[in-house]
Amino acid sequence: MRRTVFNEDHEAFRETIRAFIEAEVVPVYDEWLAAGQAPRDFYRKLGELGVFGIEVPEEFGGAGEESFKFQAVVTEECARAGVSFGGSSVHTGLCLPYVTAYATEEQKKRWLPGFASGETMFAIAMTEPGTGSDLAGMKTTAKLSADGSHYVLNGAKTFITGGVHADRVIVCARTAPATKEDRRAGISLFVVDTASDGYTVGRKLDKLGLKTSDTAELSFTDVRIPLEDLLGEEGKGFSYLGQNLPQERLAIAVGAYAQAAAAIRFTKAYVQDRTVFGQSVASFQNTKFELAACQAEVDAAQAVVDRALDAHDVRELTAADAASAKLFCTEVAARVIDRCLQLHGGYGYMNEYPIARLYADNRVNRIYGGTSEVMKSIIAKSMGL
Ligand SMILES: Cc1cc2nc3c(=O)[nH]c(=O)nc-3n(C[C@H](O)[C@H](O)[C@H](O)COP(=O)(O)OP(=O)(O)OC[C@H]3O[C@@H](n4cnc5c(N)ncnc54)[C@H](O)[C@@H]3O)c2cc1C
């Protein structure tokens, strides 16, 4: 189906990103995979290219775009080429909306120029070893010092994407205990300088997939946070998370859809090339039926993604809409990529084939940003159940 969600500017940007990936990422991607992360300098290149500044207001060094669709283009192009830009989608897709929405002018002046250039990489730390789905159960605390001059941060976070390279981390912490009436009360957000004393990056975690993103454990021991690094109002952190998680889930839906589309593309090329029993794998009716069924599912996922992108651009994407898009697209991608891998036979199990990496990379889509079960809970609640 012809897509109407992207305009000429988006398509011109797509060409730029596609050429950049071919020139700067594909030739060195195996090195990144072996190193387990994209090199720090690569993020400066993305800054120079303008990828990080798209939605940064012009006065702070960006392009001042308000549409999320440019980021969707980046996600789609990475999936198409079977690569990723390390953990940088967290920098733009997850962290930026918090800064643009809740930072003061003074904070924006301090953080956004470096954000746009790639000098100051951001990550976000919500999850803790003891709590992921149930974020209100977080234990990390940020207590106001006795003289009221700063906060003192203590606790630990885990699974933090970009956690090794990050210069600033948006840390969710309790500034007050939960109340009996509201478990979500008392959570605040801080933009913590990772060079602070007591801030420690623990292990870079060894993951099943997403091998070029640095996912780390973090710990905080009496980290001094200046008052001016509180983001938004004290105690409002949970509502800020609620307002921003739909975009994170939309981004995951876009990525999952694009990975599934890429799986079909890789598989079509493979089955046309591979000969068994004296004929191409593509010539078997089973192969045609499998790929046709996959294509129908991907078409449906694309319709969902496009509708959600349009709704998000006009600020109409609800939490339940985003949950529904994430649930549907990630489940489609799981089925499609698995069927495509099957059509590769044993080669599909080898990491040198992009389908194997897609299989591993895609698995986390049903877990992070909220699990499929959590998405179902959100949708069920919106149905009055
Ligand atoms: C590669 C990767 C990158 C990540 N990046 C980040 C990051 O940058 N920042 C960050 O803060 N976090 C990050 N995360 C954390 C991620 O968001 C959490 O893993 C996710 O929210 C699930 O939390 P959990 O792992 O604690 O699972 P748990 O909450 O322990 O869930 C375990 C199981 O219980 C189920 N479950 C939980 N609650 C319910 C319920 N109410 N009803 C039914 N079933 C339920 C879950 O669906 C799941 O199947 C990342 C995770 C991964 C794997």
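Colour three ranges first: domain 1 (8-117), domain 2 (122-235) and domain 3 (239-382), with bounds that come from an automatic or database domain assignment. This is a predicted model, in which local features need pLDDT of at least 70 and side-chain atom pairs count only at pLDDT 80 or more, while totals for chains, interfaces and linings use all residues. Residues are numbered from 1 along each chain as its sequence is written, and side-chain values use heavy atoms, with hydrogens and water left out.

**Between domains 1 and 2**

Show domain 1 and domain 2, whose C-alpha centres lie 23 Å apart. Here 26 residues of domain 1 are in contact with 21 residues of domain 2 (contact means heavy atoms within 4.5 Å). About 2,000 Å² is buried between domain 1 and domain 2, with 63% of it from carbon and sulfur atoms; buried area is the accessible area (1.4 Å probe) that two parts lose on being put together, summed over both. Select Gln 37, Tyr 98 and Trp 111: in domain 1 these lose the most area to domain 2, together 28% of what that side buries.

**Salt bridges**

A salt bridge is a side-chain nitrogen of Lys or Arg within 4 Å of a carboxyl oxygen of Asp or Glu. The structure holds 23 of them. Select Glu 24 and Lys 45, which meet at 2.9 Å, N to O. Helices are DSSP runs (H or I, at least four residues), numbered from the N terminus.

Next, select Asp 310 and Lys 69, a salt bridge with the closest N and O atoms 2.6 Å apart. Asp 310 is in helix α8 (residues 285-313) and Lys 69 in helix α4, 241 residues apart. Is each of them buried or exposed? Asp 310 is partly exposed at 32% relative accessible area, whereas Lys 69 is buried at 8% (buried is under 20%, exposed over 50%, partly exposed in between; 1.4 Å probe, protein chains only).

**Aromatic rings**

Rings of Phe, Tyr and Trp (its six-membered ring) pair if their centres lie within 6.5 Å; planes under 30 degrees apart count as stacked, over 60 as edge-to-face and the rest as tilted. The count is 15 aromatic pairs. Select Phe 13 and Phe 70, an edge-to-face pair at 5.4 Å centre to centre with 75 degrees between the planes. Both Phe 13 and Phe 70 are buried. Finish on Phe 20, Tyr 29, Trp 32, Phe 42, Tyr 43 and Phe 85, which form one aromatic cluster.

Methods:
Helices (H or I, at least four residues) and strands (E, at least two) are DSSP runs, numbered from the N terminus.
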